[in-house]
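Welcome! Please keep the sequence and the 3D view at hand as you read.

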Amino acid sequence: MKTLVKILISIILIAGITATMNAQVDNVDAHDITITIPEVALLDIEPNGSTITIGPAAPLEEGDPIDFSAATDNTLWMNYSSIIGSTTEPSRDVTVSITNGTLPGGMELKVLAAADAGSGAGTVGTATAEVTLSATGQNVVTGVGSCYTGTGTANGHQMTYTLILSAPANYGDLDFDDATTLTVTYTLTDN
Amino acid sequence: MKGIENKIRHLLTLAMFLLSFSTLFGQATVTVWGNWRQNVEATEITNAGDDFPNVYESAADQSRLRVRRQPTSQLFPWRIDVRGDIVTWDNRLEIWIRRTNDGISITPGATITGGMVYQQISIFDQYFFEGNGSIRRIALQYQYRGVSVVIPAKTYRQTIVYTLTEL
């Protein structure tokens with residue numbers, strides 16, 4: 001008889017606990033949400049499609065050389081948007097080269113990128129020292145990470161072109177028939 | 001001897017009542033359907049120097065949630081909390097959530113309040129909305145905020161966890 005009573009009491013306790021548990025129960029369900037951010041590498045020179053003209057000034061006095069002091073232009077700006085892959089492409093560089101045309105004899109064309117104007121965000125690139133343009137690509141900005149510079153002039157890197165006499169000894173190479181149009185190409189390259 | 005029999009009878013009656021009670025009133029459950037996958041396209045940047053749109057929004061009924069307890073004829077007060085369990089994430093990204101409808105009542109007279117304004121999901125449980133009775137097809141909408149090119153190219157994922165508490 002005592003055993004039966006014990007069993008009944010156990011049943012009552014279990015039922016009581018179950019009923020109490022059902023009075024306040026936490027229940028959980030879940031699902032995933034996902035966003036995929038793609039690789040981006042876009043570069044532009046602004047104003048778009050601009051052609052700049054640089055040349056030395058004729059001398060004012062007989063016997064003077066032509067004057068290269070004003071043979072400069074800083075009207076162009078480089079904008080870019082970039083997303084790197086932290087493991088596959090940790091950074092990018094911007095290279096510059098002459099891809100069409102030949103520089104007139106006796107002259108050098110140089111380009112210098114200024115520091116980013118700060119209109120965008122992220123890891124913008126660092127400008128290198130002035131580059132003497134050639135047909136071989138050279139870094140003009142390095143260490144571009146995931147960033148954007150803002151678009152249009154006054155955003156990104158201001159580019160200053162300077163035309164100089166390559167050396168006084170090369171003055172004899174100057175030829176006004178050499179006036180030409182060059183295409184300068186900027187490339188955002190993966191590292 | 002008769003006294004003992006009466007005691008046993010009373011104990012049996014009490015046991016049956018409690019067992020019936022526990023069986024009759026089942027556990028309230030929350031069930032949610034519908035993942036959200038947003039692929040940001042590189043072509044969304046049309047000008048070099050631009051950023052992605054900052055906000056991406058899901059469909060108004062991207063996920064649907066049901067709160068139910070047997071018997072479904074009975075009203076019972078409840079609350080839903082929400083949190084995000086990080087799988088892969090960047091802290092510059094934010095997830096926001098809101099409820100976009102009142103669902104369909106299973107229990108006559110069921111009610112639902114709160115959660116109609118976007119709120120940011122954090123890694124901690126926080127109040128989302130509450131109600132009374134069983135309701136199905138409660139529509140949920142999400143936003144990603146802070147999307148930018150400054151965030152490395154990658155797939156980011158969180159598990160959104162809904163916790164139902166009977167009040």
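A salt bridge here is a side-chain nitrogen of Lys or Arg within 4 Å of a carboxyl oxygen of Asp or Glu. Glu166(B) and Arg69(B) make such a bridge, with 2.5 Å between their closest N and O atoms. Please bear in mind that this is a predicted model. The points below begin with salt bridges, then turn to aromatic rings and the surface.

**Salt bridges**

- Over all chains, a search of the whole structure finds 10 salt bridges.
- The bridge between Glu166(B) and Arg69(B) joins strand E12 of chain B to the loop between strand E4 (63-68) and E5 of chain B, so it ties together parts that are 97 residues apart in sequence.
- Are these two partners buried or exposed? Both Glu166(B) and Arg69(B) are buried.
- Arg157(B) and Asp32(A) also meet through their side chains in a salt bridge, at 3.3 Å from N to O.
- That pair crosses between chains: Arg157(B) belongs to strand E12 (residues 154-166) of chain B, and Asp32(A) to strand E1 (residues 26-37) of chain A.
- Arg157(B) counts as partly exposed at 34% relative accessibility, and Asp32(A) counts as partly exposed at 24%.
- Asp85(B) forms a salt bridge with Arg83(B), where the closest N and O atoms are 2.9 Å apart. Asp85(B) is partly exposed, at 30% relative accessibility.
- In chain A, a network of salt bridges links Glu39(A), Arg92(A) and Asp190(A).

**Aromatic pairs**

- Trp36(B) is buried, with a relative accessible area of 4%, and Tyr142(B) is buried at 0%.
- Trp89(B) and Tyr144(B) have ring centres 6.3 Å apart and planes at 35°, so this pair is tilted.
- This pair, too, links distant parts of the chain: Trp89(B) sits in the loop between strand E5 (77-88) and strand E6 (94-99) of chain B, while Tyr144(B) is in strand E11 of chain B, 55 residues away.
- Why does Trp89(B) count as buried? Its relative accessibility is 16%, and buried means under 20%.
- Tyr144(B) is buried as well, with a relative accessible area of 0%.
- Together, Trp36(B), Trp89(B), Tyr142(B) and Tyr144(B) form one aromatic cluster.

**Charges over rings**

- The charged end of Arg145(B) sits over the ring of Trp96(B), at 3.7 Å from its centre.
- Arg99(B) lies over the face of Phe129(B), 5.5 Å from the ring centre.

**A nonpolar surface patch**

- Which residues form a nonpolar patch on the surface? They are Ile86(B), Ile123(B) and Phe124(B), which together have about 320 Å² of accessible area.
- Ile123(B) is found in the loop between strand E9 (119-120) and strand E10 (126-132) of chain B. With a relative accessible area of 46%, Ile123(B) is partly exposed.

Notes. Residues numbered from 1 in each chain as written. Chains lettered and ligands numbered in written order. Predicted model: local features only at pLDDT ≥ 70, side-chain atom pairs only at ≥ 80, totals over all residues. Heavy atoms only, no water. Buried < 20%, exposed > 50% of the residue type's maximum accessible area, 1.4 Å probe, protein only. Phe/Tyr/Trp six-rings, centres within 6.5 Å; stacked < 30°, edge-to-face > 60°. Helix = DSSP H or I, 4+ residues; strand = E, 2+ residues; numbered from the N terminus. Lys NZ or Arg CZ within 6 Å of the ring centre and 35° of its normal. Patch = residues over 30% accessible without salt bridge, like charges linked within 9 Å, V, L, I, M, F, W, Y side chains within 5 Å. Areas by Shrake-Rupley, 256 points an atom, 1.4 Å probe, with all protein chains shown as cover.
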